[in-house]
Amino acid sequence: MRRYRKFFTSIILVSSLILCACGGEPQAQNGEGGGYRSEFTTEELESGHASFQMEEKLIVDAQVTPKTSYEDGLSSYYTEIITEPNSEDSDSFVKNATFSSLSHDEWEKLLNKLQKGKLEKKKFEVSSIEEIEQEKFVGENGRTYIIWAGWSGKSKKYGLTSKYNTAGSTIFPSNNEENFENNSIPAKIKENFSDYGECNDLDFLQNPDETAANIREFLEKFSGRKICEKYDFIPAGQKNLERLYELAKEKEPTFVEMIEPELKKRIGEFIFYYDVDGLPFKNLYLSYFMQGDETASKLCYWTSPSRGNLFGISEHEQVIDVDEKGLLQADISNYRKPGKVYKENSAVIKPDQALQQVKDYYDRKLILEDVTITNVELVYTGYFSDASEGEIQPIITPVWAVTVHEETNQDMGITRGYVYDAFSGECLSEGNTSL
């Protein structure tokens, strides 16, 4: 069983000041009169991109969520856990199990939207731990895949009405040598090269939008939910792999041996997110430390290791990799979605307020190398309701997620995340390197 990709790509759309073969260095533009500035212009908020200098070593070269996405206000929602239909009767469900509401035959037909092939079994086999057993999918491309698919959240101690909640699947080649094993490589490409998308030298995939449309259709039929229009495509082709290799030799030698086996592999990685009010639903791994006599609903503890520290319940990114043979591997899930409204349509703070808080953070530090703000994005994520309103509940709420790339002499740099409540501006996470 492969891992789900719970690492910093859940929020990162990263760029840096590194020179590369496919483009020049991002231009940090000063404000009028050559001075620094700390606010976005009207044109930048409309275009969705900003490039200017805040201080000598604090630079903005970022994608910014356009004003049209939030100018009419947004709402927040209670978290709803997705449950397989008709799963309250365990005996009946084991005999006729569904996966994300799909029968075994329907699941096979849907897989054929990604890659032509056939499942080896005739029905889902539910084990004693309420998990579909691993099975094979034989593709017409000559590749045999291992498919793990199952449910989590079975325990009633979390207040769930059914043992068969939430569907997730990992698909990968049965031949381990074919795997793009080091899944941090696309993330490293994305993190270190602002123009990674321009270096698409994948001759088998010259039209990523067409492939993305097919993947989006698959994901929407799998989940029955809308997929956000905005997606990320990372071409891990020869150009991007070679320049990452050269950068690693210069700044992070320990990473070189991880890249070498992958240099001859060429993949395109697609990352999608579920849509909430036109914005991506991302997992920012936020936590909340309970105070005093605060209490929380059972569901708050579903992903939390202790009673005092609650972890946000969000949806993960939907990641699908393709190569010259077609589908390479995939991590998909259908876990959580917005339920009833928690906070009615409310005004959203300007991104300038989030930007100023990031500036204040670095004003308290000694900056020796360039620090570049690469993304100021309005997204939905999992967090927790106001404790003053009674028992804390898991909610899905909009936040400003700011991504920063710090240059260092020792390695390829550090990526940090800053998260601010989109309604109040409250800091929910600051300087986090493990998003």
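**A charged network and its surroundings**

Reply: Salt bridges join E55, K359 and D363 into one network. A salt bridge here is a side-chain nitrogen of Lys or Arg within 4 Å of a carboxyl oxygen of Asp or Glu. This is a predicted model: local features need pLDDT of at least 70, side-chain atom pairs count only at pLDDT 80 or more, and totals for chains, interfaces and linings use all residues. Residues are numbered from 1 along each chain as its sequence is written, and side-chain values use heavy atoms, leaving out hydrogens and water.

Two terms first. Helices (H or I, at least four residues) and strands (E, at least two) are DSSP runs, numbered from the N terminus. Buried means under 20% relative accessible area, exposed over 50%, and partly exposed in between, with a 1.4 Å probe and protein chains only.

Start with K359 and E55. Their salt bridge has its closest N and O atoms 3.1 Å apart. It links distant parts of the chain: K359 belongs to helix α8 (residues 351-363), while E55 sits in the loop between β1 (49-53) and β2 (58-64), 304 residues apart. Why does K359 count as buried? Its relative accessibility is 13%. E55 is partly exposed, at 22%.

The search of the whole structure gives 19 salt bridges. Take R266 and D203, whose side chains meet at 2.9 Å, N to O. This pair also links distant parts of the chain. R266 is in the loop between α7 (256-259) and β9 (267-272), and D203 is in the loop between α4 (184-192) and α5 (208-223), 63 residues apart. D203 counts as exposed because its relative accessibility is 59%.

R416 and E406 form another salt bridge, at 2.7 Å from N to O. R416 is in strand β19 (residues 414-421) and E406 in strand β18 (residues 394-406), so this pair ties together parts that are 10 residues apart in sequence. Both R416 and E406 are buried.

How many disulfides does a search of the whole structure find? It finds zero. A disulfide is a pair of cysteine sulfur atoms within 2.5 Å. Among the residues to look at are C228, buried at 2% relative accessibility, and C300, buried at 0%.

Next, the rings. Rings of Phe, Tyr and Trp (its six-membered ring) pair if their centres lie within 6.5 Å; planes under 30 degrees apart count as stacked, over 60 as edge-to-face and the rest as tilted. The count comes to 21 aromatic pairs. W107 and F222 have ring centres 5.9 Å apart and planes at 45°, so their pair is tilted. This pair links distant parts of the chain, with W107 in helix α3 (residues 104-114) and F222 in helix α5, 115 residues apart. W107 is buried at 1% relative accessible area, and F222 is buried at 0%.

W151 and Y164 make an edge-to-face pair, 5.5 Å centre to centre with 80° between the planes. Here too the pair links distant parts of the chain: W151 in strand β6 (residues 144-151) and Y164 in the loop between β6 and β7 (167-173), 13 residues apart. W151 is buried at 6%. Y164 is buried at 1%.

Which residues do ring pairs link into a cluster? They are F99, W107, F124, F218 and F222.

Charges meet rings as well. A charge sits over a ring if NZ of Lys or CZ of Arg is within 6 Å of the ring centre and within 35 degrees of the ring normal. K188 lies over the face of F255, 5.4 Å from the ring centre. R225 lies over the face of Y274, at 3.7 Å.

Back to Y164. Contact means heavy atoms within 4.5 Å. Not counting residues up to four places away in sequence, V94 touches K123, V126 and Y164. V94 and Y164 are 70 residues apart in sequence, and 10.0 Å apart in space, C-alpha to C-alpha. V94 lies in helix α2 (residues 90-95) and is partly exposed, at 33%.

Finally, confidence. The pLDDT is the predictor's confidence in each residue, from 0 to 100. The protein chain averages 86, and 89% of the residues score at least 70. Among its elements, α7 has the lowest mean pLDDT (84) and strand β10 (residues 274-276) the highest (98). Over residues 1-21 the pLDDT is below 50, and this stretch has 100 contacts in the model beyond near neighbours in sequence. It also stays under 50 over residues 23-33, with 21 contacts beyond four places in sequence.
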